[in-house]
Amino acid sequence: MPYRRTPAVQARLDAQRAAIVEAGLRLLAEHGHAGCTMAAVAGRAGVATGSVYRHFAGKAELSVELFRTVVGREVAAVSEAAARPSHRTAAERVVAVIETFASRALKAPRLAYALLAEPVDPAVDAERLVFRRAFRDVFAERIAAGVRSGELPPQDAVLTASALVGAGAEALTGPLTAGSPGPGTVPALVTFTLRALGVPDAEHA
């Protein structure tokens, strides 16, 4: 007869997994993927290394879970920012996405570098593509709405969105690795975004 976990046992395992993931996220923000070894995560979570292996087969699987968790939080943050009532035009909603992501990235540079550019296991690199597509879709939805309403000039919303994601990631990687982003980084990205959208007089934004 197969063993069935009691609700109490399952609750303890779920709580332990959550603690391991949160410990991994803290290490990721401090040391990047390189610092998220199974032993280091176990130590930060206050559990035995074997307990980490009970939930994750190895570092690659754990890293994918950490990556997905961070991406989910970032996508939620930019989507929430774009949906604020104060952003009344399509351009303002698109700008809210890039402004929110860039500002959050520059406040947590090690974590942002891990998301955008740190050399990683192929499994995590595959998740990075999913991450880029998720942000592309957030942009594309707002751009397409702006084109339909006539606020933005006709354009391929998905293509423009993909270009904004790629340009934003590339533009941020340098400041993130240098550790000293200038105060003009985010405003310059906003101006670039408006120009890419075809907004008139974007240089005055």
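**Ground rules.** I'm working on a predicted model, where local features need pLDDT of at least 70, side-chain atom pairs count only at pLDDT 80 or more, and totals for chains, interfaces and linings use all residues. Residues are numbered from 1 along each chain as its sequence is written, and side-chain values use heavy atoms, with hydrogens and water left out.

**Core.** I got 55 residues, and Leu62, Phe139, Ile143 and Leu172 touch the most other members. At least two residues of this core come from each of H1, H2, H4, H5, H6, H7, H8 and H9. My helices are DSSP runs (H or I, at least four residues), numbered from the N terminus. "Buried" in these notes is under 20% relative accessible area, "exposed" is over 50%, and "partly exposed" is in between, with a 1.4 Å probe and protein chains only. As background, nonpolar side chains tend to be buried together in soluble globular proteins.

Leaving out residues up to four places away in sequence, Leu172 touches Phe101, Ala102, Ala105, Leu106, Leu116, Thr185 and Leu189.

**H6.** Which residues of H6 are buried? I noted Leu111, Ala112, Ala114, Leu115 and Leu116. These buried residues pack against H1, H4, H5, H7 and H8.

**Cavity.** Next I checked for cavities (on a 1 Å grid over the protein atoms alone, sets of points where a 1.4 Å probe fits but cannot get out; lining residues have an atom within 4 Å of a point). I joined grid points across faces, edges and corners, and took volume as the space filled by probe spheres set on the points. The count is one cavity of 30 Å³ or more, and the largest cavity holds about 110 Å³. Two or more lining residues come from each of H5, H7 and H8. Among the residues in the lining are Val97, Phe101, Phe131, Arg132, Phe135, Phe139 and Gly168. I sorted the lining into 10 nonpolar, one polar and one charged (Ala, Val, Leu, Ile, Met, Phe, Trp, Tyr, Cys and Pro are nonpolar; Asp, Glu, Lys and Arg charged; the others, Gly among them, polar).

**Rings.** I searched the whole structure for aromatic pairs and found four. My rule covers rings of Phe, Tyr and Trp (its six-membered ring) with centres within 6.5 Å; planes under 30 degrees apart are stacked, over 60 edge-to-face, the rest tilted. Phe67 and Phe131 have ring centres 6.0 Å apart and planes at 90°, so I logged the pair as edge-to-face. Phe67 is in H4 and Phe131 in H7, so this pair ties together parts 64 residues apart in sequence. Phe67 and Phe131 are both buried. Phe131 and Phe135 are edge-to-face too, with centres 5.1 Å apart and planes at 75°. Those two sit four residues apart in H7, about one turn of the helix. Phe67, Phe101, Phe131 and Phe135 form one aromatic cluster.

**Single residues.** Ala15, in H1, has 45% relative accessibility, so it counts as partly exposed.

Notes:
A nonpolar core is a set of buried Ala, Val, Leu, Ile, Met, Phe, Trp, Tyr and Cys residues joined through side-chain atoms within 4.5 Å. Contact means heavy atoms within 4.5 Å. On a 1 Å grid over the protein atoms alone, a cavity is a set of points where a 1.4 Å probe fits but cannot get out, and a pocket is an open set with protein on both sides within 12 Å along at least five of seven lines; lining residues have an atom within 4 Å of a point.
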